[in-house]
Amino acid sequence: MAESIDQLKSAFRGELIQPTDGAYDQARKVYNAMIDKRPKLIARCVDVADVMAAVRYGRENAMLTAIRGGGHNGGGLGICDGGLVIDLSQMKGVRVDPAARTARVAAGCVWGDVDHATHPFGMAVPCGFIATTGVAGLTLGGGIGYLSRRYGLTIDSLLSVDMVLADGRFVTANTKENADLFWAVRGGGGNFGVVTSFEFRMHAVSTVQFGPTFWPLEQAAEVLKVYRKFILTAPEEVDGFFAFLVIPPAPMFPEHLHMKAVCGIVWCGTGTAAETDKATSPMRSVGKPLLDAIGPAPFPVVQSTFDGLYPPGLQWYWRADNFTELSDAAIAKHVEHGSKLPSMWSTMHLYPVNGAAQRVGKNDTAYSFREAVFAEVIVGVDPDPANAGKITEWCKSYYDALHPYSAGGAYVNFMMDEGQERVQASFRDNYARLATIKKKYDPTNFFRVNQNIKPAT
Ligand SMILES: Cc1cc2nc3c(=O)[nH]c(=O)nc-3n(C[C@H](O)[C@H](O)[C@H](O)COP(=O)(O)OP(=O)(O)OC[C@H]3O[C@@H](n4cnc5c(N)ncnc54)[C@H](O)[C@@H]3O)c2cc1C
C-alpha cells in the first residue's frame, strides 16, 4: 500500500507544503517568472533523513518528482506540475577546511553562501557569474564562470558528493567510491539521485581585477574579430566574456551611457593589476572604447555584481550553443541580432571555456564539449509578462541565425525544454555511458524532471 502523507509527516522534520497551505504560492515560485507550475506537495527538507523520506514517499506513490536546489533553472526544472518537489533550499551550511583547501557545501546553498564562507580564507571555488544561482544545479551541469579559464569548470574542482538514490540508499561518490556515478554527476545533471552535499577543492582567489570595457555597437564586428584570436592565447589568469548589453542606469556607470546599447567584455583577472593590465591591453586598445574600467574588487563582490539587475521574478527565455570558432559570417549574424536587444535586461554572452577547462578530456567527465572555445547564451529578459512574446521571438531568431555555425550541442544548464535530440547532441558519445549508469542507479527513470537521460534498454 502507498505511503500516506501522515506517515511521511511522522518521518519528516522540515516543512510539507500542500496547495491548501498559505505558504504554497510563495513556495512554488521559481526564479523564472515564465514558469508557473503547481506541484501536489513541496517537501522542504532540512537534512539527509528528510531527503530519504521524501524520495521514498515519491517512489511509493509513483509521483513525478522534481529536485529543487537554487530554483534558478531557466526551463523550470526545479519544479513540476501535479507531483512532488524535493526542495533543498533550507539545507544550508559550508564547512571550510583551510589546511586541506576544501569546502563541504550543503545542497541548498547558493554561490553567495560559498563565497561568503571561503573568502575570509582567501579562497574561492570556481562558480558562475551571479551569486544567487544554486550550487547544486550549476555544479551538476558543469559550471561555467569567471574562473573557468584559470581553474576549469566547477566540476573540475569537485572532489566528492553525498547522494540519495532512487531506491532510497545513501551513497558517497568520488574517484574511489562509486566512480561511475561520480563520472556521471559531473555534467549529467540531476539524473542520478539527490545530491545532499558537495566537497570542492578551493583555490587561492581573493581580490581580482574586475570591470568592463564597452564599445559602441558600430565597433562590434571589429571587437569580435580581435577577441576570437585574443582569447585563444591570453594568459589563463585573464577571463573576459563578450556581451551585447544595454548599460543599466546604475551609479557605477557614467550617466551619459545609461540605457545605451553597446558591446563589451567583462573582465576578471586573477593576476596582479599590472599583469592583468598587460594581458588585456591588446584587446582594450581595439577601436575607441566608450568605457574602460578595470580595478581591484573582492571576488564575492564580483560574483554578486549582477544580482541586483537580475532579481527573481523576471520573465526569461533562453537559448544556447557551443562554438569551437567564430567565422566572419557568424560574427555578422551576431552583430545583426545583438544590435536588436529587445529590453534593458536582454543580453547575449559568449563565455570563454578554453584554458584549464579544455585540459580535461571529453570523456573524462559527463560534460562533453571540452574542445569548445565559447559557450554562447542568448537570454531574452523582461519584468513585464506582456513582453514575454517579444523577448522569446528575439531569442529564437538570434539562436536560429547562429546555430548553423555552432559545434552542435549546448551547455545543458543554459537550455530550456528542447527535447531528447538536443540532450543527446549535448552529451554526444558520453550519452550511451550515461544511459548505462542511469539504468544501474535509476532504472525506472524516477528522476526525470531534468535534461533527461533515459535508462539504457
Ligand atoms: C541568472 C542566472 C545566471 C546563471 N549563471 C550561470 C553561470 O554563470 N554559470 C553557469 O554554469 N550556469 C549559470 N546559470 C544556469 C544555472 O547553472 C542553471 O540554471 C542551474 O540549473 C541552476 O541550478 P539551481 O540549483 O539554482 O536550479 P534548480 O532550478 O533548483 O534545479 C535545476 C535542476 O538541477 C537539478 N538539481 C538541483 N539540485 C539538485 C540536487 N541537490 N541533486 C540533484 N539534482 C539537483 C535538478 O535536476 C533540477 O532539475 C544561470 C542561471 C540564471 C537564472
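I started with Arg284, which forms a salt bridge with Asp277, the closest N and O atoms being 3.0 Å apart. For the notebook, a salt bridge means a side-chain nitrogen of Lys or Arg within 4 Å of a carboxyl oxygen of Asp or Glu. Arg284 counts as buried at 15% relative accessibility, while Asp277 is partly exposed at 41%. My cut-offs there: buried is under 20% relative accessible area, exposed is over 50%, and partly exposed lies in between (1.4 Å probe, protein chains only).

Ground rules before I go on. This is a predicted model, so local features need pLDDT of at least 70 and side-chain atom pairs count only at pLDDT 80 or more, while totals for chains, interfaces and linings use all residues. Residues are numbered from 1 along each chain as its sequence is written, and side-chain values use heavy atoms, with hydrogens and water left out.

**Salt bridges**

How many salt bridges does the rule give? I get a count of 23.

Next I looked up Glu15, whose side chain meets that of Arg44 in a salt bridge at 3.6 Å, N to O. This pair links distant parts of the chain, with Glu15 in strand β1 (residues 15-17) and Arg44 in strand β2 (residues 41-44), 29 residues apart. Helices (H or I, at least four residues) and strands (E, at least two) are DSSP runs here, numbered from the N terminus. Glu15 is partly exposed at 41% relative accessibility, whereas Arg44 is buried at 18%.

Then I went to Asp156, which forms a salt bridge with Arg370, with 2.8 Å between the closest N and O atoms. Asp156 sits in the loop between α6 (148-151) and β7 (158-164) and Arg370 in the loop between β16 (347-352) and β17 (374-382), so the pair ties together parts that are 214 residues apart in sequence. Asp156 is buried, at 18% relative accessible area. Arg370 is buried too, at 4% relative accessibility.

**Glu418**

I found Glu418 in the loop between α12 (388-402) and α13 (420-427). Is Glu418 buried or exposed? Glu418 is buried, with a relative accessible area of 17%. Its side chain makes a polar contact with the side chain of Arg319 at 3.2 Å. I take a polar contact as a pair of N or O atoms within 3.5 Å; within protein, one must be able to donate a hydrogen and the other to accept it, and residues adjacent in sequence count only if both atoms are side-chain atoms. The Glu418 side chain also reaches the backbone nitrogen of Met416, at 2.8 Å.

**Ligand**

A polar backbone atom of Gly134 is 3.0 Å from an oxygen atom of the ligand. For Gly137, a backbone N or O atom lies 3.0 Å from a ligand oxygen atom. For Leu138, a backbone N or O atom lies 3.4 Å from an oxygen atom of the ligand. The protein covers 97% of the 950 Å² of accessible area that the ligand has on its own, with areas from the Shrake-Rupley method and a 1.4 Å probe.

**Aromatic rings**

Last, I listed the rings and got 22 aromatic pairs. Rings of Phe, Tyr and Trp (its six-membered ring) pair if their centres lie within 6.5 Å; planes under 30 degrees apart count as stacked, over 60 as edge-to-face and the rest as tilted.

The rings of Tyr146 and Phe241 have centres 6.3 Å apart and planes at 45°, so I logged the pair as tilted. Tyr146 lies in the loop between α5 and α6 and Phe241 in strand β11 (residues 238-246), so this pair ties together parts 95 residues apart in sequence. Both Tyr146 and Phe241 are buried. Phe242 and Phe244 have ring centres 5.2 Å apart and planes at 85°, so they are edge-to-face. Phe242 and Phe244 are buried as well.

I also noted one aromatic cluster, with Tyr146, Phe241, Trp316, Trp318 and Tyr411 among its members.
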